[in-house]
Amino acid sequence: MSEPHPIDGTGVPTPAERLRALNAEFVPQVIDVAPGVFAAVGFSASNVTLLQGDGGSVVVDTGANPVDAQAILEAFGERFVRPVRAIVYTHNHPDHTGGARVFAGEDAPAIHCHRTLVDARPEAGRGPRFGGDAFGTALPDALFINAGTQLEYGRRTPHTREGFLLPTHVFDGPQTVIDIAGLRLQLIHTPGESPENVAVWIADKGVLLPGDDFYKSWPNLAPLRGLKLRPVEPWIASLDTMIGLDAEHLVQGHMRPISGRAAVREALSAYRDGLRSVLEQTLDGIRRGRTPDELVQEVRLPPALAASPYLQEYYGAVSWTVRGIYADVVGWFDGNPTGISPLPPPDRAARMLEMVGGVDALLGHARSAVNRGDVQWAAELVDHVLVLDEHHPTARRLKAEALRELAERQVNATARNYYLTCALALERD
Ligand SMILES: [Zn+2]
């Protein structure tokens, strides 16, 4: 957790203040990690790492688009020695692969990745959901703080595929070694945030690039934007592999590198132990017949891990992880027979309104709830009106108010952005 600092007179930072403090991770800077290893942090949605070799360079990940890549190229300045002999994609995500053409220039570098990157299909479920946007791409600057693992994701320079270059060297199996420009790189298949993730290990420099298997936040195993669960057990195994390397420097795909063997070990171990704890608690709860709604109230990181600076819920959230694991292991049904065939929401809403005395009476309760800060309840109440009349102006206004307050209570950037984008849509449309 970040150091407490006085901002509201209580000495305890608000969630928004904590999230804003994270922006220190995204200040644009080329960081001199180790001899011949330079990380460009904060210029794009993800980091680009330059490895200087004999008579040429290797580039690991390429930023989100050609505009960002060009800025990074200029920031590297004289450190960037052509020809580029190789580019490594740690994984397929567009913020890591969108600037390759700029770094390649006329050099025709070998482009390395794991076989599963080539076979990967775009992640399903990326469409808009209720007008929400976890990356906050449509939020005005005054409301936007960051996107959790990056300052912004496609707000100013959209992610495009025009800078992507197809891989030329693909490896199968657990690992491969490439010797190029006097550098020896071990590429290790380490499924985690994505199934194709590759960690790059440069043993003689003690430098490990974990791709997106590690970033300074509780990982986003079950994102709001609607994806399959990112499988937890392989991710834990990948972290075990990386811990075993005893790296001196950890150059993450996002945020500032971590240096010092003890610090790297502590960071990777916190991740592994946190994931394992939440997985085991959730599986244990499932065996005891607990529902997802019960489990999110029960599953907690042990205090030492909950305080770890690497496990704060800026990007992923423990409760979403619990729900994701539950759905993955036992499916959609929580065990309560009432839920086998529930009433359609409009039918339920009509009955609730009749019971409570009509729309105005219900909105009166919702207004009181907003006024006393009981905003989740207010949003749940108002939904009974909106499911029958999505244009009801008072209901929309009340829900927007509730969502804005829920956003302010969030340290999680993706939830904050989602709440705020939905609030704007309710006020606008
Ligand atoms: Zn990433």
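Mentor: Start with the cluster: ring pairs link Phe-214, Tyr-215, Tyr-271, Tyr-310 and Tyr-315. Rings of Phe, Tyr and Trp (its six-membered ring) pair if their centres lie within 6.5 Å; planes under 30 degrees apart count as stacked, over 60 as edge-to-face and the rest as tilted. By this rule the count comes to 9 aromatic pairs.

Two notes on the source. This is a predicted model, where local features need pLDDT of at least 70 and side-chain atom pairs count only at pLDDT 80 or more, while totals for chains, interfaces and linings use all residues. Residues are numbered from 1 along each chain as its sequence is written, and side-chain values use heavy atoms, with hydrogens and water left out.

Phe-80 and Phe-103 have ring centres 6.1 Å apart and planes at 45°, so the pair is tilted. Phe-80 lies in the loop between helix 2 (66-76) and strand 5 (84-88), and Phe-103 in helix 4 (residues 100-104), so the pair ties together parts 23 residues apart in sequence. Helices (H or I, at least four residues) and strands (E, at least two) are DSSP runs, numbered from the N terminus. Phe-80 has 11% relative accessibility and counts as buried. Phe-103 is buried at 0%. Buried means under 20% relative accessible area, exposed over 50%, partly exposed in between (1.4 Å probe, protein chains only).

Now back to the cluster. The rings of Phe-214 and Tyr-271 have centres 4.6 Å apart and planes at 45°, so this pair is tilted. The pair links distant parts of the chain: Phe-214 sits in the loop between strand 11 and helix 6, Tyr-271 in helix 7 (residues 261-287), 57 residues apart. Both Phe-214 and Tyr-271 are buried.

The loop that holds Phe-214 also holds a zinc ligand, Asp-212. His-96 (NE2), Asp-212 (OD) and His-254 (NE2) coordinate the zinc ion at 1.9 to 2.0 Å. Donors are N, O and S atoms within 2.8 Å of the metal (3.2 Å for Na, K and Ca); water is not among the atoms, so sites may look incomplete. His-96 lies in helix 3 (residues 94-97), 116 residues from Asp-212. His-96 is buried at 0% relative accessibility. Asp-212 is buried too, at 3%.

Rings also meet charges. Arg-155 lies over the face of Phe-144, 3.8 Å from the ring centre. Arg-79 lies over the face of Phe-38, at 5.6 Å. The rule: NZ of Lys or CZ of Arg within 6 Å of the ring centre and within 35 degrees of the ring normal.
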